[in-house]
Amino acid sequence: MSSSPLRVLVVGCGNMGASHATAYHTLDGFQICGIVSTGQSKYVLNDKLGGGYPLFDDYATALTETKPDAVCISTYPDTHEAFAIMALEAGCHVFIEKPLADTVAGSERVVAAAQKADKKVVVGYILRVHPSWARFVEEAQQLGKPLVMRMNLNQQSHGYMWTVHRNLMKSLSPIVDCGVHYIDVMCQMTRSKPVWVSAIGARLTDDIPADNYNYGQLQLRFEDGSVGWYEAAWGPMVSETAFFVKDVIGPKGCVSIVAKNAGAVGKSDNVDSHTKTESLRVHHAHLTADDQFAQPDTWIDMQDEPDHQELCNREQRYFLQAITDDLDLTDHLADAVNSLRIAFACDESVRTGEVVRL
C-alpha cells in the first residue's frame with residue numbers, strides 16, 4: 001500500500017461534514033482534494049481550515065475534476081444512495097454519514113455497488129467508536145436475558161439546528177434518522193433477531209411536510225424475549241425534561257448512563273452532549289437472605305471521554321485503517337442495513353397504526 005495520503009473529496013459542509021473535514025485536515029494519512037456544497041457553507045468551512053482547498057457547487061463535476069481516492073458524504077439522506085454509487089463507480093472508497101440511504105432497497109444497492117467495485121464503505125455510526133458506549137454495551141451483555149432497553153434523544157431545537165432538523169424531515173423522520181444509532185446499539189446488546197416493531201408518532205408543527213412527524217417512539221421485541229424502546233423528537237416545542245435516557249435492565253441488575261452535565265436542561269440541541277456518558281452506574285440485583293442488596297451500586301467513571309471532534313477523528317482513523325489494512329466490512333454493512341430496515345419498519349408502524357413483523 002502506498003504511503004502517500006488518501007485524497008478525499010468532502011461533500012456536504014454542515015455539522016458532520018465540517019467535523020469530518022477537520023479530521024482530514026489535521027490527521028496524517030489524509031489530504032482534502034476538494035470541498036462540495038450547493039450553498040455558502042463550503043466557503044465558511046474553507047476559511048475555517050485556512051483556505052486553499054478547491055471548492056465546487058456540483059458533486060459530479062468535483063468527482064470528475066479531482067479524481068479522489070475517497071469521498072466523504074455528509075449531505076442530506078435523500079442524496080446518499082446516488083452520491084455513494086457515483087463515488088464507487090468512479091473507483092473511490094466511501095465514508096458516508098448514517099443512514100446509508102433513505103430506503104432499505106437503496107442501502108442494499110450501495111452495498112452491492114461496494115462489492116462490485118471492491119471498495120470500502122464505512123457508515124458513520126459514531127457511537128461504535130466511543131469507548132464509553134462500547135463499555136455500556138459490554139456491561140449490558142453481563143445482565144442476563146431478557147434485556148429491557150430504554151433510550152431516547154429529544155432535541156429542543158431552534159435557530160440553526162431547527163433549520164437542520166426541518167431540512168432532514170423533508171426525507172426522514174427523527175426515529176429513522178436518529179433511531180438507527182440506538183437500534184444498532186440494542187442489536188449489539190442482545191445479539192438477537194428483532195421479530196416485531198410497534199411505533200407511534202405525532203406532527204407537532206406545520207413547518208414540516210404534511211406526511212411527516214417530528215415526535216416518534218418505537219418499541220422492539222427480540223427473539224430472545226428482550227424488548228426496547230426509543231424516543232426522538234425535534235423542534236422548538238420539545239420538552240427538555242428527561243431528554244437523555246440511556247438505561248438497560250436485565251435479570252442480574254441494570255446499567256445506566258448518568259450524564260449529569262450533558263443531560264442538564266439546555267443541552268438537548270448541543271451535539272457534544274448527545275454522545276457524552278461521563279459515568280456508568282451498574283446496579284446489582286442479587287439479594288441477601290433477608291432481601292437486602294448484597295452489594296452497593298458500582299460507578300464506572302469514564303476517563304476516555306472524547307468530544308464530538310475527537311469521535312469524528314476516530315471514525316476517520318477507522319476509515320483509513322479499513323482501506324490500508326483491507327478490513328472485512330461485511331458485518332459492518334450488514335448491521336447498517338439491518339438497523340435501517342428496523343427503523344423503516346418502525347416508520348411504517350407509525351404511518352399504518354399496525355405492528356410490523358420483521
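Predicted model: local features only at pLDDT ≥ 70, side-chain atom pairs only at ≥ 80, totals over all residues.

Trainee: What kind of aromatic pair do phenylalanine 243 and phenylalanine 244 form?

Mentor: The structure holds seven aromatic pairs, and one of them joins phenylalanine 243 and phenylalanine 244, whose ring centres are 6.1 Å apart. Both of these residues are buried.

Trainee: Is cysteine 178 buried or exposed?

Mentor: Cysteine 178 lies in the loop between helix H8 (174–177) and helix H9 (179–190), and, leaving aside neighbours within four places in sequence, it is in contact with Lys98, Gln155, Tyr230 and Trp234. The cut-off for this class is under 20% relative accessible area. Cysteine 178 has 8% relative accessibility, so it counts as buried.

Trainee: Which side chain makes a polar contact with the side chain of glutamate 97?

Mentor: Glutamate 97, found in strand E5 (residues 93–97), is buried yet has no salt bridge. The nearest side chain of opposite charge, lysine 98, is 5.5 Å away, whereas a salt bridge requires the atoms to be within 4 Å. At 2.7 Å, the polar contact of the glutamate 97 side chain is with the side chain of histidine 20.

Methods
Residues numbered from 1 in each chain as written. Heavy atoms only, no water. Helix = DSSP H or I, 4+ residues; strand = E, 2+ residues; numbered from the N terminus. Buried < 20%, exposed > 50% of the residue type's maximum accessible area, 1.4 Å probe, protein only. Lys, Arg positive; Asp, Glu negative; His and termini not counted. Polar contact = N/O pair within 3.5 Å; in protein donor to acceptor, adjacent residues only side chain to side chain. Phe/Tyr/Trp six-rings, centres within 6.5 Å; stacked < 30°, edge-to-face > 60°. Contact = heavy atoms within 4.5 Å.
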